[in-house]
Amino acid sequence: MSAMAENQSGEVQTMEVLLDSTLESVDEAESIVLRIAGEAGVEEDDLHALGMAVREAAVNAVVHGNRYNARKKVHLNVSRTPDQLSITIGDEGEGFEQKSIPDPLAPDNLLRQSGRGLLLIRAFVDEFELRPRQPRGTEVRLVKYLAKAS
Amino acid sequence: MSVKLSTRQVGDVTVIDASGRITLGEGASTFRDMVRDLSAAGHKKLLLNLGDVTYIDSSGIGELVSGFTTVTNHGGQLKLLGLNKRVKDLLQITKLYTVFEVHDDEASAIRSFQ
(Lines give C-alpha, C1' and ligand atoms only; values in the text may rest on other atoms or scores of the structure.)
Protein backbone atom coordinates (compact mmCIF):
# COMPACT_ATOMS: atom_id res chain seq x y z
CA MET A 1 0.00 0.00 0.00
CA SER A 2 1.15 3.50 -0.67
CA ALA A 3 -0.23 6.94 0.05
CA MET A 4 0.17 9.55 -2.63
CA ALA A 5 -0.23 13.29 -2.85
CA GLU A 6 0.24 15.41 -5.93
CA ASN A 7 0.65 19.14 -6.08
CA GLN A 8 1.09 21.46 -9.01
CA SER A 9 2.05 25.04 -8.35
CA GLY A 10 3.34 27.32 -11.08
CA GLU A 11 6.13 25.52 -12.90
CA VAL A 12 6.78 23.05 -10.08
CA GLN A 13 5.02 19.73 -9.97
CA THR A 14 5.55 17.57 -6.92
CA MET A 15 4.45 14.13 -5.83
CA GLU A 16 4.88 12.57 -2.42
CA VAL A 17 4.41 8.88 -1.87
CA LEU A 18 4.65 6.76 1.27
CA LEU A 19 5.77 3.24 0.48
CA ASP A 20 5.93 0.09 2.57
CA SER A 21 9.28 -1.44 3.40
CA THR A 22 9.03 -4.22 0.83
CA LEU A 23 10.81 -5.08 -2.40
CA GLU A 24 7.53 -4.41 -4.23
CA SER A 25 7.99 -0.78 -3.21
CA VAL A 26 11.26 -0.73 -5.16
CA ASP A 27 9.32 -1.54 -8.33
CA GLU A 28 6.68 1.04 -7.42
CA ALA A 29 9.24 3.79 -6.81
CA GLU A 30 10.94 3.05 -10.12
CA SER A 31 7.63 2.97 -11.95
CA ILE A 32 6.47 6.33 -10.51
CA VAL A 33 9.74 8.10 -11.29
CA LEU A 34 9.98 6.65 -14.79
CA ARG A 35 6.44 7.73 -15.58
CA ILE A 36 7.16 11.30 -14.53
CA ALA A 37 10.55 11.31 -16.24
CA GLY A 38 9.01 9.93 -19.42
CA GLU A 39 6.38 12.68 -19.37
CA ALA A 40 9.23 15.18 -18.92
CA GLY A 41 10.84 13.94 -22.12
CA VAL A 42 13.75 11.94 -20.67
CA GLU A 43 14.96 9.56 -23.36
CA GLU A 44 15.28 5.79 -23.16
CA ASP A 45 18.92 5.35 -22.17
CA ASP A 46 18.66 8.08 -19.56
CA LEU A 47 15.40 6.56 -18.32
CA HIS A 48 17.17 3.25 -17.81
CA ALA A 49 19.98 4.93 -15.89
CA LEU A 50 17.59 6.97 -13.76
CA GLY A 51 15.47 3.91 -13.05
CA MET A 52 18.54 2.05 -11.91
CA ALA A 53 19.57 4.88 -9.57
CA VAL A 54 16.07 4.99 -8.09
CA ARG A 55 16.02 1.21 -7.61
CA GLU A 56 19.37 1.24 -5.84
CA ALA A 57 18.27 4.08 -3.56
CA ALA A 58 14.94 2.40 -2.82
CA VAL A 59 16.64 -0.92 -2.10
CA ASN A 60 18.95 0.86 0.34
CA ALA A 61 15.94 2.43 2.08
CA VAL A 62 14.00 -0.83 2.34
CA VAL A 63 16.84 -3.24 3.09
CA HIS A 64 19.54 -1.26 4.90
CA GLY A 65 17.51 1.66 6.29
CA ASN A 66 14.17 0.23 7.34
CA ARG A 67 15.36 -3.41 7.36
CA TYR A 68 11.99 -4.54 5.98
CA ASN A 69 10.30 -3.24 9.16
CA ALA A 70 6.55 -3.13 8.44
CA ARG A 71 6.12 -0.17 10.80
CA LYS A 72 8.59 1.96 8.88
CA LYS A 73 7.90 3.71 5.60
CA VAL A 74 9.92 4.76 2.59
CA HIS A 75 9.34 8.41 1.70
CA LEU A 76 9.45 9.18 -2.01
CA ASN A 77 9.24 12.75 -3.23
CA VAL A 78 9.45 13.66 -6.90
CA SER A 79 9.65 17.30 -7.91
CA ARG A 80 9.70 18.44 -11.51
CA THR A 81 10.61 21.89 -12.78
CA PRO A 82 11.27 22.86 -16.40
CA ASP A 83 15.00 22.32 -15.78
CA GLN A 84 15.26 19.24 -13.64
CA LEU A 85 13.71 16.29 -11.95
CA SER A 86 14.55 16.02 -8.27
CA ILE A 87 13.88 12.75 -6.45
CA THR A 88 14.23 12.28 -2.71
CA ILE A 89 14.07 8.82 -1.19
CA GLY A 90 14.12 8.63 2.60
CA ASP A 91 13.93 5.88 5.19
CA GLU A 92 13.18 5.74 8.93
CA GLY A 93 16.24 3.71 9.87
CA GLU A 94 19.10 4.34 12.22
CA GLY A 95 21.16 6.35 9.74
CA PHE A 96 24.75 5.67 8.82
CA GLU A 97 28.06 7.32 8.08
CA GLN A 98 28.79 7.42 4.36
CA LYS A 99 32.49 7.00 5.06
CA SER A 100 31.75 3.71 6.82
CA ILE A 101 31.17 2.14 3.40
CA PRO A 102 34.42 0.78 1.96
CA ASP A 103 35.45 2.22 -1.40
CA PRO A 104 34.15 -0.41 -3.86
CA LEU A 105 36.79 0.62 -6.41
CA ALA A 106 39.76 0.00 -4.14
CA PRO A 107 41.68 -3.05 -5.40
CA ASP A 108 41.18 -4.89 -2.11
CA ASN A 109 37.43 -4.36 -2.32
CA LEU A 110 36.75 -5.29 -5.95
CA LEU A 111 35.72 -8.82 -4.97
CA ARG A 112 33.40 -7.76 -2.15
CA GLN A 113 29.86 -8.93 -2.81
CA SER A 114 28.15 -5.72 -1.77
CA GLY A 115 28.74 -1.99 -1.39
CA ARG A 116 28.30 -0.78 -4.99
CA GLY A 117 24.84 0.77 -4.73
CA LEU A 118 25.91 4.35 -4.00
CA LEU A 119 28.61 4.13 -6.66
CA LEU A 120 26.00 3.23 -9.27
CA ILE A 121 23.59 5.91 -8.10
CA ARG A 122 26.30 8.56 -8.44
CA ALA A 123 27.17 7.32 -11.89
CA PHE A 124 23.61 7.50 -13.17
CA VAL A 125 22.34 10.92 -12.06
CA ASP A 126 23.54 14.49 -12.52
CA GLU A 127 23.53 15.37 -8.82
CA PHE A 128 23.58 13.18 -5.76
CA GLU A 129 23.35 14.02 -2.09
CA LEU A 130 23.10 11.75 0.93
CA ARG A 131 22.05 13.33 4.19
CA PRO A 132 20.37 12.56 7.53
CA ARG A 133 16.59 12.66 7.43
CA GLN A 134 14.70 14.44 10.20
CA PRO A 135 13.62 13.25 12.70
CA ARG A 136 15.40 10.01 11.89
CA GLY A 137 16.79 7.99 9.05
CA THR A 138 18.66 8.76 5.88
CA GLU A 139 17.61 10.32 2.63
CA VAL A 140 19.19 10.60 -0.76
CA ARG A 141 18.45 13.32 -3.27
CA LEU A 142 18.91 12.50 -6.93
CA VAL A 143 18.73 15.14 -9.64
CA LYS A 144 18.34 14.56 -13.35
CA TYR A 145 18.73 17.58 -15.60
CA LEU A 146 16.08 17.96 -18.25
CA ALA A 147 16.88 18.94 -21.80
CA LYS A 148 15.27 22.19 -22.84
CA ALA A 149 12.48 21.73 -25.34
CA SER A 150 13.47 23.33 -28.63
CA MET B 1 10.54 -11.33 -15.13
CA SER B 2 13.19 -12.91 -12.94
CA VAL B 3 16.26 -14.60 -14.35
CA LYS B 4 16.01 -17.89 -16.24
CA LEU B 5 19.08 -20.11 -16.32
CA SER B 6 19.89 -23.20 -18.34
CA THR B 7 23.12 -25.07 -18.92
CA ARG B 8 24.64 -26.86 -21.86
CA GLN B 9 27.95 -28.59 -22.35
CA VAL B 10 30.35 -27.58 -25.14
CA GLY B 11 33.30 -29.94 -24.83
CA ASP B 12 34.48 -29.55 -21.28
CA VAL B 13 33.05 -26.04 -20.95
CA THR B 14 29.73 -25.57 -19.18
CA VAL B 15 27.79 -22.73 -20.72
CA ILE B 16 25.18 -21.07 -18.51
CA ASP B 17 22.61 -19.27 -20.64
CA ALA B 18 20.91 -16.54 -18.63
CA SER B 19 17.92 -14.42 -19.60
CA GLY B 20 15.81 -11.84 -17.81
CA ARG B 21 16.85 -9.80 -14.79
CA ILE B 22 19.51 -10.53 -12.19
CA THR B 23 18.39 -8.35 -9.30
CA LEU B 24 17.97 -8.42 -5.54
CA GLY B 25 15.83 -11.35 -4.48
CA GLU B 26 15.05 -14.42 -6.48
CA GLY B 27 17.07 -13.56 -9.57
CA ALA B 28 20.33 -13.14 -7.73
CA SER B 29 19.90 -16.16 -5.48
CA THR B 30 18.95 -18.41 -8.41
CA PHE B 31 22.25 -17.59 -10.07
CA ARG B 32 24.19 -18.04 -6.82
CA ASP B 33 22.68 -21.51 -6.25
CA MET B 34 23.44 -22.68 -9.77
CA VAL B 35 27.09 -21.59 -9.69
CA ARG B 36 27.57 -23.16 -6.28
CA ASP B 37 26.01 -26.46 -7.41
CA LEU B 38 28.02 -26.60 -10.63
CA SER B 39 31.27 -25.89 -8.79
CA ALA B 40 30.49 -28.51 -6.15
CA ALA B 41 29.78 -31.03 -8.93
CA GLY B 42 33.25 -30.48 -10.35
CA HIS B 43 32.52 -28.16 -13.29
CA LYS B 44 35.65 -26.06 -13.57
CA LYS B 45 35.15 -24.20 -16.86
CA LEU B 46 32.07 -22.03 -16.69
CA LEU B 47 31.00 -19.56 -19.36
CA LEU B 48 28.14 -17.29 -18.33
CA ASN B 49 26.20 -16.12 -21.37
CA LEU B 50 24.50 -12.83 -20.46
CA GLY B 51 23.32 -12.12 -24.01
CA ASP B 52 19.64 -12.19 -23.06
CA VAL B 53 19.99 -10.53 -19.68
CA THR B 54 18.13 -7.26 -19.80
CA TYR B 55 18.95 -5.83 -16.39
CA ILE B 56 21.48 -6.30 -13.61
CA ASP B 57 21.47 -4.25 -10.40
CA SER B 58 24.18 -3.93 -7.76
CA SER B 59 22.95 -7.11 -6.06
CA GLY B 60 23.23 -8.93 -9.37
CA ILE B 61 26.73 -7.56 -9.84
CA GLY B 62 27.51 -8.81 -6.34
CA GLU B 63 26.31 -12.27 -7.31
CA LEU B 64 28.53 -12.31 -10.40
CA VAL B 65 31.48 -11.46 -8.18
CA SER B 66 30.44 -14.06 -5.62
CA GLY B 67 30.14 -16.64 -8.40
CA PHE B 68 33.57 -15.71 -9.67
CA THR B 69 35.03 -16.20 -6.19
CA THR B 70 33.22 -19.52 -5.67
CA VAL B 71 34.46 -20.94 -8.98
CA THR B 72 37.99 -19.65 -8.48
CA ASN B 73 38.13 -21.13 -4.98
CA HIS B 74 37.21 -24.50 -6.50
CA GLY B 75 40.13 -24.18 -8.91
CA GLY B 76 37.95 -23.25 -11.85
CA GLN B 77 37.31 -20.30 -14.15
CA LEU B 78 34.19 -18.21 -14.72
CA LYS B 79 34.13 -16.08 -17.86
CA LEU B 80 31.44 -13.82 -19.30
CA LEU B 81 29.92 -13.83 -22.78
CA GLY B 82 27.62 -11.54 -24.75
CA LEU B 83 27.32 -8.49 -22.55
CA ASN B 84 25.03 -5.77 -23.84
CA LYS B 85 26.15 -2.15 -23.63
CA ARG B 86 24.40 -1.50 -20.33
CA VAL B 87 26.02 -4.45 -18.60
CA LYS B 88 29.40 -3.49 -20.08
CA ASP B 89 28.89 -0.01 -18.68
CA LEU B 90 28.22 -1.50 -15.24
CA LEU B 91 31.46 -3.48 -15.38
CA GLN B 92 33.32 -0.32 -16.40
CA ILE B 93 31.81 1.77 -13.60
CA THR B 94 32.58 -0.89 -11.00
CA LYS B 95 36.04 -1.67 -12.45
CA LEU B 96 35.07 -5.31 -12.71
CA TYR B 97 36.40 -5.39 -16.25
CA THR B 98 39.72 -5.88 -14.49
CA VAL B 99 38.36 -9.00 -12.79
CA PHE B 100 36.26 -10.77 -15.41
CA GLU B 101 37.41 -12.11 -18.73
CA VAL B 102 34.74 -10.97 -21.17
CA HIS B 103 34.06 -12.36 -24.66
CA ASP B 104 31.75 -11.24 -27.43
CA ASP B 105 31.95 -14.45 -29.44
CA GLU B 106 31.10 -17.89 -28.05
CA ALA B 107 33.54 -19.87 -30.18
CA SER B 108 36.50 -17.79 -29.13
CA ALA B 109 35.29 -17.85 -25.53
CA ILE B 110 35.21 -21.66 -25.61
CA ARG B 111 38.70 -21.79 -27.17
CA SER B 112 40.05 -19.48 -24.48
CA PHE B 113 39.54 -22.19 -21.87
CA GLN B 114 41.87 -24.63 -23.67
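**Note on a predicted two-chain model**

1. A hairpin joins β3(A) to β4(A) through three residues. The model is a predicted one. In chain A, strand β3 covers residues 73-80 and strand β4 covers residues 84-90; the two run antiparallel and are joined by six bridges. Within this pair, A:Ser79 has A:Ser86 of β4(A) opposite.

2. Strand β4(A) also pairs with β6 of chain A, residues 138-145, again in the antiparallel sense, over seven bridges. One position to look at here is A:Ile89, whose bridge partner in β6(A) is A:Val140. As background, strands of a sheet pair through backbone hydrogen bonds, either parallel or antiparallel.

3. Chain B has an open sheet of five strands, ordered β1-β2-β3-β4-β5, with mixed pairing. Its edge strands are β1 (4-10) and β5 (102-103) of chain B, each of which pairs on one side only. Strand β4 of chain B, residues 77-81, runs parallel to β5(B), and two bridges join them. In this pairing B:Leu81 faces B:His103 of β5(B).

4. A helix lies across part of the chain B sheet. This is α2 of chain B, residues 58-73, and the strands under the helix are β2 (13-22), β3 (45-56) and β4 of chain B. The angle between α2(B) and β4(B) is about 145°.

5. The largest nonpolar core has 57 residues. Those that touch the most other members are A:Ala53, A:Ala57, A:Ala58, A:Ile89 and B:Leu48. Helix α2(A) gives this core its largest share, nine residues. In soluble globular proteins, nonpolar side chains tend to be buried together.

6. Which residues does B:Leu48 contact, leaving aside its neighbours within four places in sequence? They are B:Ile16, B:Ala18, B:Leu78, B:Leu80 and B:Leu81. B:Leu81 is also the residue that stands opposite B:His103.

7. The contact between the chains takes 17 residues from chain A and 15 residues from chain B. On the side of chain A that touches chain B, α2 (44-65) and α3 (117-124) of chain A each supply at least two residues. The largest share of that side comes from α2(A), with five residues. By class, the side of chain A that touches chain B has ten nonpolar, four polar and three charged residues.

Note on methods: Residues are numbered from 1 along each chain as its sequence is written. Chains are lettered from A and ligands numbered from 1 in the order in which they are written. This is a predicted model: local features need pLDDT of at least 70, side-chain atom pairs count only at pLDDT 80 or more; totals for chains, interfaces and linings use all residues. Two residues are in contact if their C-beta atoms, placed from the backbone, lie within 7 Å. Helices (H or I, at least four residues) and strands (E, at least two) are DSSP runs, numbered from the N terminus. Ala, Val, Leu, Ile, Met, Phe, Trp, Tyr, Cys and Pro count as nonpolar, Asp, Glu, Lys and Arg as charged, and the others, Gly among them, as polar. Two strands pair if DSSP finds at least two bridges between them. Axes are lines fitted to C-alpha atoms, for helices over the stretch in contact, and angles run from 0 to 180 degrees between N-to-C directions. A nonpolar core is a set of buried Ala, Val, Leu, Ile, Met, Phe, Trp, Tyr and Cys residues joined through C-beta atoms within 7 Å. A residue is buried if 20 or more other C-beta atoms lie within 10 Å of its own, exposed if 12 or fewer, and partly exposed in between; C-beta atoms are placed from the backbone.
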